[in-house]
Amino acid sequence: MSLWVLLLRGINVGGTGKLPMKDLKAHLLALGADAPETYIQSGNAIFAGDIDPEAFANDLTALIQTHHGHAPRVLVLPSDELIAARAAFPFPEGRERPKFANIWFCTAPPSTPDLARLDEVASATERFALDGSWFFLDAPDGIGRSKLAERVEKALGVPATARNLNTVNTLAEMIRARETAP
């Protein structure tokens with residue numbers, strides 16, 4: 001049985017896209033996920049199962065639409081992909097301030113990313129890199145005011161969802177605990 005990471009986009013943000021984590025857990029169980037665990041209210045979970053990740057994502061989106069009236073983007077990744085993305089984060093200083101270090105997980109590798117557009121809007125302190133399906137941003141002044149951060153998905157040209165390293169680190173710890181459990 002494989003271990004998976006679930007990342008939802010656009011839930012429980014600014015009063016929109018409400019989805020209680022107990023409901024998310026119930027939906028995961030209804031779709032056959034084994035022992036799902038959620039982390040914070042922004043739609044992060046790990047679970048085990050023998051699934052087709054694309055079909056699972058589509059089915060979960062449909063369940064959320066039916067029960068909650070909105071259809072968030074759902075990304076289901078093998079757990080080792082999250083671990084690899086975390087290890088590949090290229091900015092050591094960002095690792096020391098994980099709240100301001102971010103990884104966008106793309107649905108596919110961008111084929112024609114417009115990184116020049118991001119260079120134009122990057123602040124003097126921001127650094128970014130693209131590695132396959134992962135986009136890394138070190139934004140020491142915060143992501144909330146970053147003009148670059150708000151343009152990432154459009155510049156990449158593929159759907160993506162971001163998590164800061166605090167969240168990625170916690171999900172990695174949850175994965176490690178699950179893998180080492182008896």
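1. In this predicted model, the buried residues of α2 are Phe56, Ala57, Leu60, Thr61 and Ile64. Viewed down the axis of α2, these residues fall within an arc of 135°, so they line one face of the helix. The face of α2 turned away from that buried side carries Glu54 and Thr66, which are exposed.

2. The partners of the buried face should be noted next. The buried residues of α2 pack against β1, α1 (21-30), β3 (44-49) and β4.

3. As to its geometry, α2 comprises 16 residues. From its first C-alpha to its last, α2 reaches 22 Å, close to the 22 Å expected at 1.5 Å a residue.

4. The helix also contributes to a pocket. The second largest pocket holds about 170 Å³ of space. Its lining consists of Pro53, Glu54, Ala57, Asn58, Thr61, Pro72, Arg73, Val74, Leu75 and Val76. Both α2 (53-68) and β4 (73-78) supply at least two residues of this lining, and α2 gives the most, with five residues. By class, the lining of the second largest pocket has six nonpolar, two polar and two charged residues.

5. The largest pocket has a volume of about 320 Å³. Its lining is made up of 18 residues, and Arg9, Gly10, Thr161, Ala162 and Arg163 lie nearest its centre. At least two lining residues come from each of β1 (2-9), α6 (152-156) and β8 (160-164); the largest share, five residues, comes from β8. By class, the lining of the largest pocket has nine nonpolar, five polar and four charged residues. β1, which supplies part of this lining, is also one of the elements against which the buried residues of α2 pack.

6. Alanine 35, in strand β2 (residues 34-39), has a positive phi of about 50° although it is not a glycine. With a relative accessibility of 41%, alanine 35 counts as partly exposed.

7. Isoleucine 40 lies in the loop between β2 and β3. Its phi is near 45°, a positive value in a residue other than glycine. Is isoleucine 40 buried or partly exposed? Its relative accessible area is 40%, and isoleucine 40 is therefore partly exposed.

Methods: Residues are numbered from 1 along each chain as its sequence is written. This is a predicted model: local features need pLDDT of at least 70, side-chain atom pairs count only at pLDDT 80 or more; totals for chains, interfaces and linings use all residues. Side-chain values use heavy atoms; hydrogens and water are left out. On a 1 Å grid over the protein atoms alone, a cavity is a set of points where a 1.4 Å probe fits but cannot get out, and a pocket is an open set with protein on both sides within 12 Å along at least five of seven lines; lining residues have an atom within 4 Å of a point. Grid points are joined across faces, edges and corners, and a volume is the space filled by probe spheres set on the points. Helices (H or I, at least four residues) and strands (E, at least two) are DSSP runs, numbered from the N terminus. Ala, Val, Leu, Ile, Met, Phe, Trp, Tyr, Cys and Pro count as nonpolar, Asp, Glu, Lys and Arg as charged, and the others, Gly among them, as polar. The expected span of a helix is 1.5 Å times one less than its number of residues. Buried means under 20% relative accessible area, exposed over 50%, partly exposed in between (1.4 Å probe, protein chains only). The arc is that of the directions from the helix axis to the C-beta atoms. Contact means heavy atoms within 4.5 Å.
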